[in-house]
Amino acid sequence: MDEKQLICTCGHVNPPGTQLCQNCGRLINDDYDKKKTTDVMRYDGSAVRSKTRNKTLIDKIWIFFSSVKTGVTLLVLTVIGAAMGSLLPQRYFIPANVDPETFYQEKYGSIGYLYYKLGFDNLYTSWWFLILLALVAFSIIAASIDRGVPLFKSLRNQTVKKHPTFLKRQRLTLTDSHTLPLEDVKVELEKKRYKVKIEGNSLLAEKGRISRYGPYINHAGLIILLAGSMLRFIPAFYYDGSIALKEGDTKSVPGTEKQYYIRHDKFIFEQYDQTAHSNTESKKADAAQNMIAKNYETKLTLYKNNNDKIPGAEPKLSEIDKGSIRVNHPFKFDHFELYQNSFDQSQLKEMIFKVVDNATGKETGKQFTVNLDQPDTSYTIAKNLKVNLRNYAPDFDKVEANGTLATKSPNTVNPAFVFEVAEDDKKAEYSLLKIRSSQDITEGNNYSIKFVGATNHVLTFLTVKKDLTLPILFIGFSIFLFGLFIGSYINHRRIWINQEDGMKLAAHTNKNYFGLKKEINSMLDTYHLPEVKDKNDESEAQS
Ligand SMILES: [Zn+2]
């Protein structure tokens, strides 16, 4: 392709690929189809990079990304990708206390497993979705620069005086032997909110130029929207995590860099009456399944850590707020929101035991309570009777060769104890206690330790959210709508008049020729001139 600059007969030097001389409006690209008047006016005849340069690899990449076809394809792929993410619930919607791999497989079978393995469970934060968004953004930017910059330049630099061939090529034209008083016409058109320039015998009236930038404003809005959604990957703008807290525990809130701590004060669990008529599932065999939650609520206290700036320092907490979290009623502080996710009551908190005299079968002394998280080593039952805790496993696995108890986890779900009953002047008695079983270790024991009762921990699972991208998304969307509005409801209208040899008038608009005709005709009428000619009307009349 010819990359030489185009010199017009008027002497103006135009950049390669220009179709209409930027100075006089003559058609200077001979291989251009002269009948496509609307197309040649699209970017005001100026050179579009993707149409004029295709030599280097960069040119080819530019052509690829600036093409509307590429942009639309990428957008369609993004929409399909985003739709995939709504097929099954995303990771942050599943309960926080389950393993996602097993959750997806058990609930949705092999499709669920595949869904998890392909990373669709965290689709909107997956690398391939990010890349897709970036490509869409790049395509929008390339397309906008490719067409927008030449359009902007040619509209900004447009001249008042155009060559008669330029005027002749427009859709609306009028030639007459009578000339118009240009200064009066200027006043007349300014009443219709045109900006009017006069140079010698030529006049240019223009309004609604911003309409031409509608699509580009629109694109800018889209870019801000995309940038906003990509900011979600930066923790300062967006955080989505979870926290598990036992009743009574205080922990730092994840995502706050130890700036805030919360204490789980109390958990409230209310359920509907199992036999109530409203409970349609009351006939389930498993009684636990009959519990239908009416309300579950976490009462909490919020603290600020005054030592958060000193690394490794002990937290220095001061209470700043108290609140409660119910499903769909989050607790809010400093751009963070805490949502009730789920709860767990399977961990034991305390177990209560009694000592029974084997000879009489009666209880001896006081009952004792073992705190399963921090058990005491010795419990006084009576004046000369003690129970010592010799060994303990919170989640019993097996008895090791050396007699100690092995634990599967630190969770207090299946505790086991080796108790020593020590009475003054008598030999110590040992027994192993597990849930629903007890066995004597020493023979001929005088005492048995029996389980009385237990209390459970209530763990609350909270979702921690922060989203500072919402205002950015809102601004992006508003700009997008604004671009759409000015592109749709404002028309870019231009009227040229050249009176060097009689009166030649031509007009162009990007949409609504009917409205433009009405405006011109009402102006022409005041000077008793005939109506403007529309080439489209002529072609309709001919056919
Ligand atoms: Zn020229």
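**Close-up views of a predicted model**

Val355 stands opposite Thr364 in strand S14. This is a predicted model, in which local features need pLDDT of at least 70 and side-chain atom pairs count only at pLDDT 80 or more, while totals for chains, interfaces and linings use all residues. Residues are numbered from 1 along each chain as its sequence is written.

View 1. Strands (E, at least two residues) and helices (H or I, at least four residues) are DSSP runs, numbered from the N terminus. S13 and S14 (residues 362–371) run antiparallel and are joined by seven bridges; two strands pair if DSSP finds at least two bridges between them. Ile352 stands opposite Thr369 in S14. Four residues lie between the strands of this hairpin, where Gly361 takes a positive phi near 75°.

**View 2. An open sheet has three strands in the order S14-S13-S22.** The pairing in this sheet is antiparallel. S14 and S22 are at the edges with a single partner strand each, so one side of each has no neighbour in the sheet. On average, neighbouring strands are turned by 20° against each other, direction ignored; the axes are lines fitted to C-alpha atoms, and angles run from 0 to 180 degrees between N-to-C directions. Nine bridges join S13 (residues 348–357) to S22 (residues 447–456), and the partner of Val356 in S22 is Ser448.

**View 3. The largest nonpolar core has 24 residues.** Such a core is a set of buried Ala, Val, Leu, Ile, Met, Phe, Trp, Tyr and Cys residues joined through C-beta atoms within 7 Å. A residue is buried if 20 or more other C-beta atoms lie within 10 Å of its own, exposed if 12 or fewer, and partly exposed in between, with C-beta atoms placed from the backbone. Leu172, Ala205, Ile495, Ala507 and Ile520 touch the most other members. Helix H11 (513–526) is one of the elements that give two or more residues to this core, and H11 gives the most, with four. Leaving aside neighbours within four places in sequence, Ile520 is in contact (C-beta atoms, placed from the backbone, within 7 Å) with Leu172, Ile495, Ala507 and Val532. A second, separate core of 19 residues includes Leu245 and Phe336.

**View 4. Residues 126–145 are 95% helix and 0% strand.** The end C-alpha atoms of this stretch are 29 Å apart.

Key: Two residues are in contact if their C-beta atoms, placed from the backbone, lie within 7 Å.
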